[in-house]
Amino acid sequence: MAAPAAASNTLDLRLTIGLVGVLIASFTAGLNEYVTANALMDIKGALSIGYDEGTWLTVLYAAAGVIGMAFAPWCSYTFSIRRFTMFAIVAFAFLGWLCPFAPNLESLYALRILQGLMGGCIPPMLMTVALRFLPLDVRLYGLGAYALTATFTPNLALPLAALWTEYAGWEWAFWQAIPLCLICCSAVGYGLPQDPLHLERFRTFDTVGLLTGVPALAALVVGLLQGDKYDWFESPLIGTLLIGGGGLLVAFLLNEWTHPAPFFRLDLLKRRNFTFGLIALVCILVMMSVIIGLPNRYLAELHEYRPLQSAPLTLLVALPQLLALVLVAALCNSPRIDCRWVLVAGALCCAASCLGFSFVTGEWTRENFYLLMALQIVGQPMAIIPILMLATSAVTPAEGVFASSWFNTTRALSSVLGTALVNLLLTERGRFHSDVLVGQLGDSMQVLEAHLSQLQATLPNLGRSELLEVVSRQLQEQVTVLTVADIFLAASSLALLVLALTSILPLRIHPPRSAAPAS
């Protein structure tokens, strides 16, 4: 494969406008997924969709998004970055406009699959453009902008979902993308250079890779996200999806190893920093899935918080990221700073935050989360940017397409894996704590009767059956608290694992620098 042109040593206004267009389009694509997931309750109510049918709206979108992230870099080089990005943006906005008008559930599923595919195609363009066009002196800032799609976007989604559902209407969970997409498409069309088409690549098209990779990723994502609902391997469907998807993934990787023009270059995994970057990225993103979703889930279940009431908590993390990522990128861009130490500090902040959350009690409200969330403001960018810096130092601009495929697919699968692990732990640890607490009450009837007597004194108008319902509700609340604490503790272990791996795997690198111009 012919290598794409290398980055120039200058960043003019026109190219900056194009880069900003790709950045905002990536934000928009990510927001659509998270906003519709947070507004799903209102969407299901408006469309009279049941719980089981509603879960497929997010699952099918996520599966299509992972497929788009995996294969979009190949398409961007074949059809040119500018053409392909503009096509993906316009198609994404058009499909979002159509979703509220779907005449039936099946057509809504089809629209969500297509929109997820287009939405997944946009974020890889940001990394591809940053690696190819940005001068070396400012490349870390471009990677910092890419990191915003993992740290800023998910935290901003809940406040936006609350805004649309409370004040504008559930349709805007889909339509919010349209104005920004129109602006981004214009910016990309104006700012990005136009590359020639490379349609000759179809002569060596990796057909086997496509036929094995697409169903493998789809089956794994659907199996992971629906596994908890169908009781994992107790369901023949989930067992078939996970085992079959895993087998197809192995076949896909074997094919990529031998194909002359693969979608993924496996030889990149021989590079120490690159492989470390992928492993560390998985750990950090799975941990972030816990931090982003679990406090809101806890507040909703124990204190009946609506998204509007939980919004300040996520905004606390989201908005400072805009400044924190720039500062961390500037820190890592200093030749005197070893970015591995920055990563260690970030992992420690994330681990400390999760450990603090593991002491949660049933009395915690939104205000109790603020201080520990503040550690995430510092920890997330200090973890993500050094990981990107270490990994991308191992690839050349000509290999940026393949690096983008690896990173974006890993990022998408990590988000899916994080959601699946949280659901699994909520179920399994919830059952464990429920069995223990119920067993303790059953073994000591004196304790139960004493507790009922205390409740009777505070609630004299309730009969015994109503008091038992109160005990059952208190028991369930305690199960929720203990389960949430266990999951936060597990999340802290992921951050500590990154800390341990950083001490042994990555090699010291220096910030990229452009060659000095000839006198």
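User: Why does D195 count as buried?

Analyst: The model is predicted, and in this model D195 has 14% relative accessibility. Buried means under 20%, so D195 falls in that class.

User: What makes R132 and D195 a salt bridge?

Analyst: The closest N and O atoms of R132 and D195 are 2.4 Å apart. The cut-off is a side-chain nitrogen of Lys or Arg within 4 Å of a carboxyl oxygen of Asp or Glu, so the pair R132 and D195 qualifies. R132 is in helix α6 (residues 123-133), while D195 is in the loop between α9 (177-191) and α10 (207-226), so the pair ties together parts 63 residues apart in sequence.

User: Is R132 buried or exposed?

Analyst: R132 has a relative accessible area of 8%. The limit for buried is under 20%, so R132 is buried.

User: What makes E399 and R271 a salt bridge, and where in the chain do they lie?

Analyst: Their closest N and O atoms are 2.8 Å apart. The limit is within 4 Å, so E399 and R271 form a salt bridge. E399 is in the loop between α15 and α16 (400-443), and R271 is in the loop between α11 (236-258) and α12 (272-303); the pair links distant parts of the chain, 128 residues apart. E399 and R271 also belong to a network of salt bridges with R265 and D267.

User: Why is R271 called partly exposed?

Analyst: R271 has 26% relative accessibility. Buried requires under 20% and exposed requires over 50%, so R271 is partly exposed. E399, with a relative accessible area of 8%, is buried.

User: How do you know that D338 and R340 form a salt bridge, and which class of accessibility does each have?

Analyst: The closest N and O atoms of D338 and R340 are 2.8 Å apart, and the cut-off is within 4 Å. D338 is buried, with a relative accessible area of 9%. R340 has 23% and is therefore partly exposed.

User: How many salt bridges does the structure hold, and what is the count between domain 1 and domain 2?

Analyst: The structure holds 10 salt bridges. Between domain 1 and domain 2 the count is zero.

User: What makes the phi of S48 and of S80 worth a remark?

Analyst: Most residues other than glycine have a negative phi. S48 has a positive phi, near 55 degrees, and S80 has one of about 85 degrees. S48 is in the loop between α2 (40-47) and α3 (51-79), and S80 is in the loop between α3 and α4 (81-98). At 68% relative accessibility S48 is over the 50% limit and so counts as exposed, whereas S80 at 1% counts as buried.

User: Why is helix α15 called mostly covered, and where does α15 bend?

Analyst: In α15, 20 of its 27 residues are buried. The bend is about 35 degrees, at L372. From first C-alpha to last, α15 (residues 366-392) reaches 38 Å, close to the expected 39 Å.

Terms used
Residues are numbered from 1 along each chain as its sequence is written. This is a predicted model: local features need pLDDT of at least 70, side-chain atom pairs count only at pLDDT 80 or more; totals for chains, interfaces and linings use all residues. Side-chain values use heavy atoms; hydrogens and water are left out. Helices (H or I, at least four residues) and strands (E, at least two) are DSSP runs, numbered from the N terminus. The expected span of a helix is 1.5 Å times one less than its number of residues. The bend at a residue is the angle between axes fitted to the seven residues ending there and the seven starting there. Buried means under 20% relative accessible area, exposed over 50%, partly exposed in between (1.4 Å probe, protein chains only).
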